[in-house]
Amino acid sequence: MSADFFYERSESQAKALSQSQTRIEQHLIRMKYIVESALAIQDTGRIEQEISLAATDLDVVVFTVLYQDGEIRFANHLVWRGSHAQYVIDGYEPSVHSKTTQADTPTVLFNPARLSIQAYYPIDNITTLTKDLGNIIYLEYDVSPLLSEVKEASFQSAIRSWAVSLLGLVLFLFFLHLYLIRPLRLMALQANKVNDVNGSLPKWQASPVTVAFSELEAIRNHFINFSDKLKRSEKQLEDSQQRWLFAIEVSRNGIWDWNFATDEVFLSDRWKEMLGYSEDELANELSTWEALLHPQDKKDALFSLNQYLNNEVDEFENVHRLRHKLGHYIWVLDRGMIVEWDEKGKATRMIGTHTDVTSDVINKQVILHQAKHDLLTDLPNRSSLLDALYSLKESKQEVSAGLFLIDLDNFKMINDALGHHYGDRLLIQVAARLSSFFATNSLIVRLAADEFVVLAKNLPQDKNSAKRRIHALASQVRQIIGRSFHINNQTFSVSASVGACFIDSQIEIEPELLLKQADVAMHQVKERGRDGYLLYSAEMEEVAQHSLFIQSELRGAIAEKQLSLVYQPIVDCRGLVVCVEALLRWNHPQMGNIPPSTFIPLAEGSGLIEELGEWVLLEACAFINTLQETGVLLDAVAINVSARQFNQGEFAEDLLKVLHRLGIKPNAIELELTEYALLTNLDVVKQAMDKLRQAGISIAIDDFGTGYSSLSYLQSLPLSRLKLDASFVSKIDVNESSNAIVKAIIDMAHGLNLNVVAEGVETQTQYEFLLQHGCDSFQGYLFSRPLKQADIVNYIESVAVNGHAMA
């Protein structure tokens, strides 16, 4: 009865708590929307009003909006504002706060110590303010009145149940006396007429008097023999029971004994102790075991038991989970055998044991998990991916899927500049973003240091529709990774090169080959300048082989003097040459001129870009000396610097040392960087730029408008010029939108005190439009093609004499 009372009370409390949690979660969903909306328009009064309204509920103990570091932003008690929640709010857990914000998943839990429901509900960042990151609604709701009501209701129900049970017990005792005890007493009175009880022995054994009848003597002797055998059997049984109990106690196994006729199951004290229960807390029924079975294991355990009972297997043995009294599950090894049969050969009784094997199972699971998962991000590893691809291949159903190989651009520079700790934290955040975006029918894998794989399953059966879905997913992956990362109050930006392949179940392709296809596509993206996406095609194999050959040939190009520099003039609005841009050319003995768009990405991917950059710098410095010797005056010679080269930690110091050694004034050099070079830590980039600008070196942003970084860097970095990309110039006069974009870029640059150089000017119309809207300098075939060193000197002198630069 007491067990039923506690069980009913526990179930009622659990139901009441569940309803309260549901109600609180619904309220928090509404409050989250209100807070996010109010913060978006800076309407803090709306938040304070909602909190005050919620606080009218007397059971609301705490209702606050917290910053990520735990500082109280809004609260139902005004005196708390600005304080740290850890110091003024009892029950608040910073660790739960931190985990909730990292997982971006609400945490609603019951605190038995405080008899309250505590909720940590994250708020999406709706502003660009760093302080708004990690905002969270923290609510504590007092459920002690609710639990008291439930307890009281359960107690009243138990009182009524006990009253009915007591009445039943009285009736039971009455009928027991009437139909059992009274007849036995009458039988005992009759037996006393035959037996003279003297002490504890019956008359036939204690009395020396000989009975008159031989039949009675025979019965007396039989009773005496039976009594002696019974004592010996009892002694043997007691010894066997002691040995059996000792063996069971040493093994620490739980015993169960199942009577098929009554469906009763004896459960030993050790069996109950394993699950945290005392002797009288569990009913001796088969349903007790079934109710404690884990839902995922129940079907298999009952199937194994029925197989044994139907003589389909020789023994019953099963490993499954049982629910502990505290709510968690333990693993048990369940063994049993039939020990009794009726006269028809039907089984009537079964005995078995339960052995706690939790630690063994957990150790095995941990080892298996570690073998199949990445230790840093806890994502599945290459082995898990191959298993999934093999399973997909062996599936008999017609399925289609997409395999995405994602490589983080510029990750090595972050690792080198800031250390592996920041790199690891960045990888963890990337893993979290990918995992939160893709559904359960996708597999997210960390393949290598900065390489991730997404296996998206259940794509449309139609091949064209599936490929369109792959294109869309690839674009979303790049957007997910392209958003800024915030680590330890620092902002990072990275892009991704994504290679994908389409998996068709009708085509037999080995998993390793699928990975290779995605890898080929990804490397094609790298060679085209990174930060892009390609879907694998068979033609890519030939391109990959060609790229490998180009990369191999490039290693010896410097030593064999196959490289050279040409210079393209940059003229001002008067037509005078104010600067020249040094451009790298490669003349291969067999393949002829190889365009920079082909070999520069390969050089960046293989690490040769640093050697090429050093060679270009030395050649450009020699050209500057030549100009000075011939008396040709220019503002500067522009040199392109790759993102990888610029983000080397000692680039600025090394460059200044080279200029000093060669006797070149720093103001004779202008560095051209693409926006891609700024996709790392802006603080580090700014430090390097400040050092170069202080020395006198000007810095220009090349191909402006084609990158993906935030325009906020224009306000903070010490830039000199923006080079308007040729793709914008080529669309001048195509439509009004194109003209508006060009004009807007020029106006924006001038507003920031930056000069504008238009690249790719090829027509008089383009030149006149740019000149009309205030463009400062021009570069393109309208003025001159890139020229060799001797030709560019002649060109500069010719322009200076003639007074214009038109071709």
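Author: A touch, or contact, means heavy atoms within 4.5 Å. Bear in mind that this is a predicted model, where local features need pLDDT of at least 70 and side-chain atom pairs count only at pLDDT 80 or more, while totals for chains, interfaces and linings use all residues. Residues are numbered from 1 along each chain as its sequence is written, and side-chain values use heavy atoms, with hydrogens and water left out.

Ile792 belongs to the largest nonpolar core, which has 80 residues; together with Phe646, Leu692, Val761, Leu770 and Phe778, Ile792 touches the most other members. Such a core is a set of buried Ala, Val, Leu, Ile, Met, Phe, Trp, Tyr and Cys residues joined through side-chain atoms within 4.5 Å, buried being under 20% relative accessible area with a 1.4 Å probe, protein chains only. Helix H19 (residues 609-630) supplies the largest share of this core, 10 residues. A second, separate core holds 34 residues, among them Leu427, Leu434, Leu473 and Tyr533.

Next, a sheet. Five strands make an open sheet with mixed pairing, in the order S12-S13-S11-S16-S17. Helices (H or I, at least four residues) and strands (E, at least two) are DSSP runs numbered from the N terminus, and two strands pair if DSSP finds at least two bridges between them. At the edges, S12 (442-446) and S17 (533-535) each pair on one side only. On average, neighbouring strands here are turned by 15° against each other, direction ignored. S11 (residues 400-408) and S16 (residues 496-504) run antiparallel and are joined by nine bridges; Leu403 has Cys501 of S16 as its bridge partner.

Two helices lie across S11, S13, S16 and S17: H15 (residues 463-482), at about 155° to S16, and H16 (residues 511-527), at about 145° to S16. Those angles, from 0 to 180 degrees, are between N-to-C directions of lines fitted to C-alpha atoms, for helices over the stretch in contact.

The protein's mean is 80, with 84% of residues at 70 or more. Over residues 190-213 pLDDT stays under 50.

Definitions and conventions: pLDDT is the predictor's confidence in each residue, from 0 to 100. Buried means under 20% relative accessible area, exposed over 50%, partly exposed in between (1.4 Å probe, protein chains only).
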